[in-house]
Amino acid sequence: MKTKKVIMPQLGESVTEGTINNWFVKEGETVKKYDPLAEVLTDKVTAEIPALFSGKITQIIANEGETIPVGELICYIEVEDFEADGPNLKDARSMKEEDKSQPATQEPMLNIENKRRYSPAVLTLAQEHGIDLNKLNGTGKGGRITRKDVQKVIGSGKQIIEKPDEAAIPEKERVVEIQPAAGDIEIPLTGIRKTIAANTVRSVQEIPHGWMMVEADVTDLVAYRDSIKEDFKRKEGFNLTYFAFFVKAVVESLKQFPELNATWGKDKIIQKKDINISIAVASGNVLFTPVIKHADEKSIKGIAKEIVELATKARNGKLTREDVEGGTFTVNNTGVFGSVQSMGIINHPQAAILQVESIVKRPVVMDNGMMGPRDIINLCLSLDHRVLDGLVCGRFLAAVKEKVEAMNASNISLY
């Protein structure tokens with residue numbers, strides 16, 4: 001009998017940690033290979049961790065609600081006929097007891113590089129509580145500082161928590177601790193909410209955002225789509241939304257202007273070969289960004305079908321790691337909420353995000369001087385100014401505008 005370690009798996013591109021939402025097993029229970037062990041939440045997916053071998057759960061290390069870095073131990077499984085590469089249960093318990101017996105001042109040997117790699121959750125906690133991470137000893141892999149290490153220091157109230165002199169901080173930089181008033185409702189943060197907060201703060205802090213907007217007349221597109229939507233649904237079994245047409249126009253424009261299908265690489269700009277479109281899907285109070293892979297190889301029908309499938313999976317908590325990986329550009333359908341103008345936060349590490357707003361019927365002066373009702377939409381672009389400038393982004397937006405304005409019954413191919 002050997003004991004295998006189960007670690008927090010890599011649950012998505014750029015995902016560094018996951019929160020144990022629910023354990024499906026208890027200590028002492030037996031599991032078969034591929035049985036689900038636990039449900040894990042990240043900012044991108046709700047996923048299940050499967051057992052990679054059959055055996056008995058001998059020790060659960062991570063608690064429900066606890067956020068664990070990728071690669072960290074979450075439980076042990078005792079297996080048969082399998083060569084273990086980790087410590088057996090006896091060793092694990094011994095290690096735990098030894099840890100308890102060690103004086104608090106005894107420092108483990110640290111891997112300095114790992115120690116300085118902080119997860120977004122660790123950085124956020126440290127900043128909120130004024131903790132100097134350089135003074136902490138990590139208990140994670142290679143000496144890495146974990147969320148648990150920081151929480152331990154916060155709970156102990158040690159001097160390592162050094163709040164700066166408030167008077168020395170400029171007023172606009174002070175973090176004001178908000179206290180609820182009588183009748184207010186305090187809502188605890190979920191793991192996903194915390195991660196979304198950390199990632200959006202990271203995007204805003206690291207990426208110098210620029211913003212542009214164009215107005216497009218999509219009267220012909222609206223007339224065409226409205227004329228075929230019922231037949232399309234009867235034939236294909238799903239709705240043909242306007243969003244699919246806009247994604248198609250964006251993809252075609254990205255082929256013309258690959259500068260926007262890129263990412264910042266510190267000392268270089270990386271222009272991506274594949275065009276993989278992330279789409280924003282809200283589910284409850286959580287936002288997911290599943291990806292339409294190789295969108296440039298798909299028809300409008302293919303894009304529409306994938307939008308429906310990914311949105312359904314997101315709302316049912318069925319997105320997989322593969323569903324959310326590899327996005328190179330994001331298109332956000334803010335118009336579904338009635339928005340007519342917005343500035344999106346770039347989906348890090350991409351270089352831009354396009355917001356598709358509501359289609360609004362407005363009186364417009366036509367080329368012949370007559371006034372008539374037209375279907376108008378705003379297309380809003382947030383850009384990483386390290387990667388992109390106004391010239392190329394203006395040309396890109398003009399290309400998208402030209403394409404959607406030219407879509408009519410005579411030239412649209414759905415298949």
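# Briefing on a predicted 415-residue chain

Strands β2 and β4 pair in the antiparallel sense over four bridges; strands count as paired if DSSP finds at least two bridges between them. This is a predicted model, in which local features need pLDDT of at least 70 and side-chain atom pairs count only at pLDDT 80 or more, while totals for chains, interfaces and linings use all residues. Residues are numbered from 1 along each chain as its sequence is written, and side-chain values use heavy atoms, with hydrogens and water left out.

**The chain as a whole**

- The secondary structure comes to 10 helices and 18 strands. Helices (H or I, at least four residues) and strands (E, at least two) are DSSP runs, numbered from the N terminus.
- Of the 415 residues in the chain, 43% are buried. Buried means under 20% relative accessible area, exposed means over 50%, and partly exposed lies in between, with a 1.4 Å probe and protein chains only.
- Among contacts in the chain with a separation of 6 or more, 65% come from residues 24 or more positions apart. Contact here means heavy atoms within 4.5 Å.

**The four-stranded sheet**

- Strands pair in a sheet through backbone hydrogen bonds, either parallel or antiparallel.
- Here four strands form an open sheet in the order β5-β4-β2-β7, with antiparallel pairing.
- β5 (46-50) and β7 (67-69) stand at the edges with a single partner strand each, so one side of each has no neighbour in the sheet.
- From one strand to the next, the twist averages 40°. Axes are lines fitted to C-alpha atoms, for helices over the stretch in contact, and angles run from 0 to 180 degrees between N-to-C directions.
- Strand β4 (residues 36-41) pairs with β5 in the antiparallel sense over five bridges. Ala38 stands opposite Ile49 in β5.
- Strand β2 (residues 17-23) is mostly covered, with five of its seven residues buried.
- The bridge partner of Thr19 in β4 is Leu41.
- β2 and β7 run antiparallel and are joined by three bridges. Gly18 stands opposite Ile68 in β7.

**Backbone features in loops**

- His348 and Pro349 are joined by a cis peptide bond, with omega about 10°. Pro349 lies in the loop between β16 (329-332) and β17 (352-365).
- Lys266 is a residue other than glycine with a positive phi, near 65°. Lys266 is in the loop between β10 (262-264) and β11 (269-271), and is exposed at a relative accessible area of 75%.
- His294 also has a positive phi, about 50°, although it is not a glycine. The loop that holds His294 runs between β15 (291-292) and α8 (300-315). His294 is partly exposed, with a relative accessible area of 30%.

**Aromatic rings and a charge**

- A pair of aromatic rings is described by the distance of the centres and the angle of the planes.
- There are three aromatic pairs. Rings of Phe, Tyr and Trp (its six-membered ring) pair if their centres lie within 6.5 Å; planes under 30 degrees apart count as stacked, over 60 as edge-to-face and the rest as tilted.
- One of the pairs, Tyr224 and Phe245, is edge-to-face, at 6.5 Å centre to centre and 90° between the planes.
- That pair links distant parts of the chain, 21 residues apart: Tyr224 is in helix α6 (residues 219-236) and Phe245 in helix α7 (residues 242-256). Tyr224 and Phe245 are both buried.
- The charged end of Arg225 sits over the ring of Tyr242, 4.3 Å from its centre. For this, NZ of Lys or CZ of Arg must be within 6 Å of the ring centre and within 35 degrees of the ring normal.

- Asn332 lies in strand β16 and counts as buried, at 16% relative accessibility.
- The side chains of Asn332 and Gln355 are joined by a polar contact of 3.3 Å. A polar contact is a pair of N or O atoms within 3.5 Å; within protein, one must be able to donate a hydrogen and the other to accept it, and residues adjacent in sequence count only if both atoms are side-chain atoms.
- Leaving aside neighbours within four places in sequence, Asn332 is in contact with residues including Phe243, Ala280 and Ile353.
- Ala282, in strand β13 (residues 281-283), is partly exposed at 37% relative accessibility.
- Beyond neighbours within four places in sequence, Ala282 is in contact with Leu287 and Arg315. The C-alpha atoms of Ala282 and Arg315 are separated by 7.5 Å, with the two residues 33 apart along the chain.
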